[in-house]
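Hello,

Here is the model for you to look over. My notes come after it.

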Amino acid sequence: MRLAAATFLLLTLAAPLASAEEEAMILPRDTTDAAVIRGSIAYRTYCVLCHGASGKGDGRAAKMYTPRPANLTVSPFPDQYKEMIIRGGGPAVGRSPYMPPWGDELTDEQIRDLISFLREVRKTGTPAS
C-alpha cells in the first residue's frame, strides 16, 4: 500500500505543470473553436489533395479533374447541402463525379466538425491555422 501511495505521489509531483498560457489554449470539447480545429484535421487528411490548403480548389490533384474541385472559400451552399455532398459524394447531388463519398469513412462527428471548418473557411476566405 505504501509503495502504491509513494508511486502515485511521485508521479503527481513529477507531472509537468501547465503554464497559464497553455491552460488558456485548452479548449472544451464542445466549443465551436474545438470543432473547427478538429474539422481542419479532417480537411487536411481527406480534402486538401483536391481542394488545396487554401480551400480554393487548387490542390495538387485538382489539375487532373474537369470540372475542377470546388472553391470552398466562396461556396454558396448551406451546411445541410455540404453534408449531403460529403456523405454521398458529388454524383449524389448532381455535382462532380470526382468528389468521392465520405459517409462510410468519416464519423458523424467528423462530418459536423468538417462543416464547422468549412463555415470558417467561407467566413474568413482562408483556413484557420
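The notes below cover a helix pair, a pocket and a peptide bond.

This is a predicted model, with local features needing pLDDT of at least 70, side-chain atom pairs counting only at pLDDT 80 or more, and totals for chains, interfaces and linings using all residues. Residues are numbered from 1 along each chain as its sequence is written, and side-chain values use heavy atoms, without hydrogens and water.

Helix pair. Helix α5 spans residues 79-88 and α6 spans 108-124 (helices are DSSP runs of H or I, at least four residues, numbered from the N terminus). They pack at about 125 degrees, axes 10 Å apart (axes are lines fitted to C-alpha atoms over the stretch in contact; angles run from 0 to 180 degrees between N-to-C directions). On α5, the contact uses Asp79, Lys82, Glu83, Ile86 and Arg87. On α6, it uses Asp108, Ile111, Leu114, Ile115, Leu118 and Arg119 (contact means heavy atoms within 4.5 Å).

Pocket. The largest pocket is lined by 29 residues (a pocket is an open set of points on a 1 Å grid where a 1.4 Å probe fits, with protein on both sides within 12 Å along at least five of seven lines; lining residues have an atom within 4 Å of a point). His51, Ala70, Leu72, Ile85 and Met99 lie nearest its centre. α3 (32-46), α4 (48-51), α5 and α6 each supply at least two lining residues.

Peptide bond. Thr66 to Pro67 is cis, omega near 5 degrees. Pro67 sits in the loop between α4 and α5.

Best wishes
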